[in-house]
Structures are given as structure tokens and as C-alpha cells.
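Here is a short report on a two-chain model. Look at the structure first, then read on.

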Amino acid sequence: MQFIIDNNYSKYSIIKNIFKIILIVSYPVQSILKPLLLIGSILISLNCFSSSNNNAVELVFISKSHHSSVIAKPEFVKVTIIPGRKGGIFNAGKIHYRIHIQNTFKEAQDGTVIFKVITDRNKIVTGGKYEIHINPKSSINIRTKFKIEESGFYDYITQVNISDYDDTIKNVFAYKPSLITSPLYKPDDFEQFWIKAKKELAAVNPNYKFYFYNSKSTATHKVYYVEMQSLDNVTIHGWFSIPNLPGKFPVLILLPGYNQKFEPFLADDQATLCLQVRSVDQLTKKDKNPKNQTEYCLVNIDDKDNYIYRGTYMDCVRAVDFVCNNYQQGLDTSRIIVMGGSQGGALALVTAALDHRIAICGSDNPFYCDMHSYYDIASSKTPDNFPIKLLTYYYHNNKTPKKSLMKTLDYYDVQNFVHYIKCPTIIGMGTLDPIAPPACVYATFNKLNYKTKKLSEVHILPNTGHTITEEFAYLKLLWIEENTVNKMGQ
Amino acid sequence: MKGLKIYLLIILFVFLANQTYAGFPVGKGRWVYSFAYNYAYSGSSFDSNWHNHPYKSGTYFSSQTYSLYITHGISRKVDVFALIPYVTEVAKYDSITLTRSDFADALLGLTYSRINKTFNKTYSFKLAGIFPLYSGTNPLPMGYGSNGIDFTFNYTNSPKRLHSKGYYLLSTSLRHYFADDGPNQLLLTIERYYAINRFNYFIWALNGAFSTSINTNTQLAHISNKDFDFIQGKLSYGRRVRRNLTLFLEGYYTPFGRNTGLGYGGVLMAILRVP
């Protein structure tokens, strides 16, 4: 492990001062250069060539002004944690970080900086402590460099305790994520289990119904509330919208997050089906919720054949049936896209695995991935978070052994499905996500079969929790658009 | 014969070409075909002092242009494009009417686009070669008759994030023709694209063309003028009529100019995306 402390100047401040000197020296020729400078400054202001560190974490402590009668510039200490690789993704070599501390106070800052590297199962791998002194109105850089043995996601924790600042900052980095593996707890009868479920679904008459919804329709889109029968004859619903234009439209099936209620989604270039999967109430009314469980993910969790997600996964397959059966509405059934986030992300992956009529799959922060690792990670780091809290609560209160619970979940673990996916797939994950920990999601991505992985993309979103960034949202749409175009060419 | 200028329609091709997708990348693997019909008419001209003088009665210049603009997305950021115009020109003065139908200057080039992180600003750089698809100037010239190069920078900003909901376009083109007397040209466009709704669009634009050359001879009839300026206003309405087909109807007018014709005209354009 190495560390270096640069006092007073960062590279940036040196460049800034050189630029200032150039400006002063070149004043006489500036009149000639003015037009060029103007164009340059416009381009810079438009952020045309910006190369900002999108994964740096900044924390600022601002002091109160000491002089009430004079408007003084606020004084602050700013701590920035900058990983040595973009997005904090290290695919080889040592891990290196720079801790930049800026002090704009008129007083010097003294104290300590401690950094720790912690595994996702909360074990300290390495760390260090530095005594620091920062001169008034200056900055320092602390460079840390260390070796990691195993691939995975690690927390880089920085504790800064100096005269006018005391805080702890968390950054997450990935080390060789493409090598992350996890044991596969796939039941021997996994394939038969789902073939049987699909057979049962096929035996249910879908009885598709369309209700034109005038109040939700617009001049450009027709909106329908649709209804169909799914597994166990449960009625499921959805909002179906289609652009009011001639032509065959690709179809986007949006799958819901946990307890999410959809509104119609009007896309410019696609017909969309926002699926409302079965609800707990529906199962209760059909006497299929014997324990009167109110929490969705716990309904019949100790019975693999009646766990709610068996029906939920089949609801998604029924949505694909709906699209294919109603192609005459102007639907291009060769281009069906499934998309969703969180639970919806898991449903999207499972649907693409169970039904090869899906052409493109987009999954954000899918939960229920690599459940055994998830259980270990979440119990050690975020035991109070969803869904670990519910699962722990359940097996404590129902005296169901954890092993038995996990046996059911093995039939529903997304990582057991993804090997069957054949279509291009894009997955996004937040490094700070406690519900879909990045190690679990990445391990799931790594289980895509070789052919599919070549067509697919995975994105690690630095400093992001159980959500996605705006940047990734647009990138995903662009990627889906590109793949939609490519599907047409086939 | 004085004042019959044909440069107006030559420049028009550029503005037409730029309008298709406004510098947005068309998308990897996608083809975009833009078919346009343009009618231009000039019944008077501007002198070197920006003063307008009507032609003698019965004297005018008109042109009908059929153009095909093809763009193909090679990658997410790089497109290749080509513009092929076919023009019918009519110059009428006194009792003489001259007409010529031929291909004009073609463009072939590449566009590199960069989109910002929130996908509401696009910067695109176009580099294109200009290739005359005709020879001679008899009875009328179809252009300058020499090869050239065009560099265009486009900046678009969509205030509502998605460019389908409207955007601003700022475009700057620098052109150079490889003849001894050039010309060198600067073409500027400011465009505002409004989405009335998802399928109906309204566009206004201001185009400026500034052409300089050591050849300042503007007295000869039928010779493509190389030293001129003009400012043109444009209004356009677009409607998406199929999933992959959008039609535009456009009118333009040239209220200010130097050594150029006072022209107006209309364009009917169909933009087809495949797939």
C-alpha cells in the first residue's frame, strides 16, 4: 500500500495559475485572439469538451461569516474523493484514490484522515491513517494505492477529522467486476417447474378485453384499459397506448416496481403496455392467501408452488401473449421490448428468459438477484432495508427455517433465469443500492450466456442508490432504439 | 440581363441539407431519406449597396430543385450523408428564355455528433466534399463548377430535455471552393423548432449567407456570383403522417441582400426513416 500527500497545490490549481499568467502576458495580442477566445469560451460554457469526474464525491463544510457588517466570502473545507478510474471501476492493477481537501479558512487545519476499504459483507480489507496539516487557504492531496485480491464491490470509507471539519464519506469501487461469480443454487427441477407453470398459463383462456379510455387518450395517442386472464384465472390489467398513426409500431412492455401503480405511458415511437400484475387482494379474494399475508413478497413464500411470484412471472408472459395476439392493432411483434426497474427490472429479465418473443430487455436495479449473496450482504450491512427486513421478520415469526425460505426463493432467483435470455439486454445498477446490491446484480449479468452477453451492456452507476441517473436513462433509451433498428434489419 | 443570379438556389441546398435531423445523429444502423422539391423565384435583385431593384417586366429567374438527402448511422456518433440535387433553371429576359435541367453540386460527408450527459444538447461536426455533377455553363451554370469543401458545426439545445419536444439550432458552415477565385462562404442558421404536439411541428429560421471572392464581377448574366451576401427568413410546418414518415411544407423569403436576387420560394419535403 502506498500513499502520498501533495501539499498546497493540486494539478488543477497549477494549470489555472499558468492560464492566468498566459492571459496577462498575452494581453497585447488578445485583440487578435478575441474572436477565437470568444468561440472557445462559448464552447467551454456549453460544456462541449468537459471531462468532469462524474464519480468524485464532494462534501463541503461552510462556516458562518465572522463579520456581520461585511459580506464576506464563505469559508469552507471541501473534501473530494476521486477514484483513479472512471466510475470507480478498476479492471486491473492496484486501486488508487485521491483525497483532495481544500481549506479556504484563514486558519490552518490540523487533524487526521483515515481511510478503510470494506467488503460488501462488512469486512475490513485494508486502511490507513494520516496526520495532516493544511495551510490557510490552500489544499492537499492524499494519494492512496492498495491491492485487492478478489473481484467484487468494495466501500472506500474516508473519515476526515480536522479543526473545522468532521465527516465520513463513502465511495464504492468495483474491482474486476466481470469476474464476479456466485454459486448457483438452481433446483434440479427448475426448468420443469417453469415449463409446468407456462403450460398451466396456456390452459387459461386469456379473454382479452379492450376499454377505450377517452379521458386518457390524446390527439396523438389512443389509450385503452386492457384486461386479461392469467394463471389461476386471476384477472390482470394494463394501460395500452398506441400512436394514432398508420404503421407498425415496436411494443414496449413496462413492468411494475414493487406495489407500483402505473399511469398510461405515451411513447412517440412505440406502442406501450404498462402492465399491472396481480395484487395481494386478488389472491386473498380467491382464497389463495391462506395466511392473509399483506406484504406482497411474503405471500405463500414457504410454498414454492403457490408463491405469489409464480403467478406474477406468468402475468408477464401473458402480457407478451397479449401483444402477439393483438398484432392487428399495428404492433410489430418482432420488436417487443421489456423494461422495468427494481421488481420491474427482475420481471423484465425473467420475462426475457421465459419468453423468447422478447427482442430487447432493459433492467434497472433488478432485485431478487443472487438471493443467497443478497441475504449475506444485506444482513451484514443494511438489515433494516427492504426486502431483507421482511424476509428476516418472516422466518423469525413463522418459525420457518431460513434454509426452507431460500429453497423457495431459488425457484425465483433471477440469476437462475438469465442463462436462458437470448435477446440483447441492458442492465444498470447503483453502487450504493441496498435493495439490489451491485455485486448481486453484476453476478447475475455475468451469468448471461456467452452469445447474449456479447449483445448486451452493463452499466455501473457511481454514487447512485436504488435508482438510475438521468444520464443512464437516456443512454438506455438510445441503446434500445439502436437495438430496435438492428432487429428490423434481421 | 443584368441581375439574373443563380447562386440563390445553390446556397439553398445547404440549408435544406442541414434541416434534416438538424445535426442529431440518426442512430446506428438507421437510414434517413429526405426527398425535397423546391421552387424558387426571383423577380428583382439587390445591388452592391443592399438596395433592391426590380427587373424589367417579364424578366425573372426561377428554379425547381429535386433533391435526395441520404443519411446512414454508421455508429452511435458517426453518420455518413450525401446530397444529390437535380435542378431545372429558367432565366427569362426580354424575349429570350434560357432553360437547363441537370444535376447540380453534390455533397458527400461525415457527421460526428456528441450529446451531453442529459441528452438535451447536441454538438455535431460535419465535414463534406462538394462535387459538381455537371460540366459547362451553357446555357446556364448549375453552380461554380469546381470542387469544394464544407465544414459545419451545429449546436442544438432542447429546453424540454427531449429534442422531439422542440429545440434551438445554431449552425455555422464554412465553405471553400477550390477555384482560383474561390469563393469562401460563411453560412449561418438560427432555427427554432416547436413541437405543437407529438406529430405537428412548426419551425422558424433565419439563414445568412456571406460569400467573398477576389472575383467581384457581378455584371455578367448567367455567371454564378461569388461575391454576395443575403439574409433569408423561413417558416415551416411539419406533420408526422406515418410511424416513419414526416412531411414538411416550407416558405422562405430573402428580404436583405447584396449582389443577389430577391427571392422567395417554397419547399415540400418528405423525411423517411428506415427502419
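Two residues are in contact when heavy atoms lie within 4.5 Å. The model is predicted.

## The interface between the chains

By that cut-off, chain A brings 36 residues to the contact and chain B brings 25. About 2800 Å² is buried between chain B and chain A. Carbon and sulfur atoms give 57% of that area. Three arginines stand out on the chain B side: Arg76(B), Arg198(B) and Arg243(B). They supply 25% of the area that chain B buries against chain A, more than any other three residues.

How many salt bridges link chain B and chain A? The count is six. One pairs Arg30(B) with Glu481(A), with the closest N and O atoms 2.4 Å apart. Polar contacts between chain B and chain A come to nine residue pairs, both residues at pLDDT 80 or more.

## The chain B face

## Chain B as a whole

Chain B has 14 strands and one helix. Of its 275 residues, 56% are buried. Now take the contacts in chain B with a separation of 6 or more: 61% of them join residues 24 or more positions apart.

## Helix 9 of chain A

Helix 9 of chain A spans residues 402–410. Its buried residues are Leu405(A), Met406(A), Thr408(A), Leu409(A) and Asp410(A). What do these buried residues pack against? Their partners are helix 3 (190–202), helix 7 (371–381) and helix 8 (388–397) of chain A.

An α-helix has 3.6 residues a turn, so residues three or four places apart point the same way. Leu405(A) and Leu409(A) are both on the buried list of helix 9.

## Confidence in chain A

Chain A averages a pLDDT of 87, and 84% of its residues score at least 70. Where is confidence lowest, and where highest, in chain A? The lowest is helix 2 (residues 30–45) of chain A, with a mean of 43. The highest is helix 6 (residues 343–354) of chain A, at 98.

Residues 23–54 of chain A have pLDDT below 50. Beyond near neighbours in sequence, this stretch has 20 contacts in the model. Residues 64–69 of chain A also stay under 50. For residues 64–69 of chain A, the model has three contacts beyond four places in sequence.

How values were computed:
Residues are numbered from 1 along each chain as its sequence is written. Chains are lettered from A and ligands numbered from 1 in the order in which they are written. This is a predicted model: local features need pLDDT of at least 70, side-chain atom pairs count only at pLDDT 80 or more; totals for chains, interfaces and linings use all residues. Side-chain values use heavy atoms; hydrogens and water are left out. Buried means under 20% relative accessible area, exposed over 50%, partly exposed in between (1.4 Å probe, protein chains only). Helices (H or I, at least four residues) and strands (E, at least two) are DSSP runs, numbered from the N terminus. pLDDT is the predictor's confidence in each residue, from 0 to 100. Buried area is the accessible area (1.4 Å probe) that two parts lose on being put together, summed over both. A salt bridge is a side-chain nitrogen of Lys or Arg within 4 Å of a carboxyl oxygen of Asp or Glu. A polar contact is a pair of N or O atoms within 3.5 Å; within protein, one must be able to donate a hydrogen and the other to accept it, and residues adjacent in sequence count only if both atoms are side-chain atoms.
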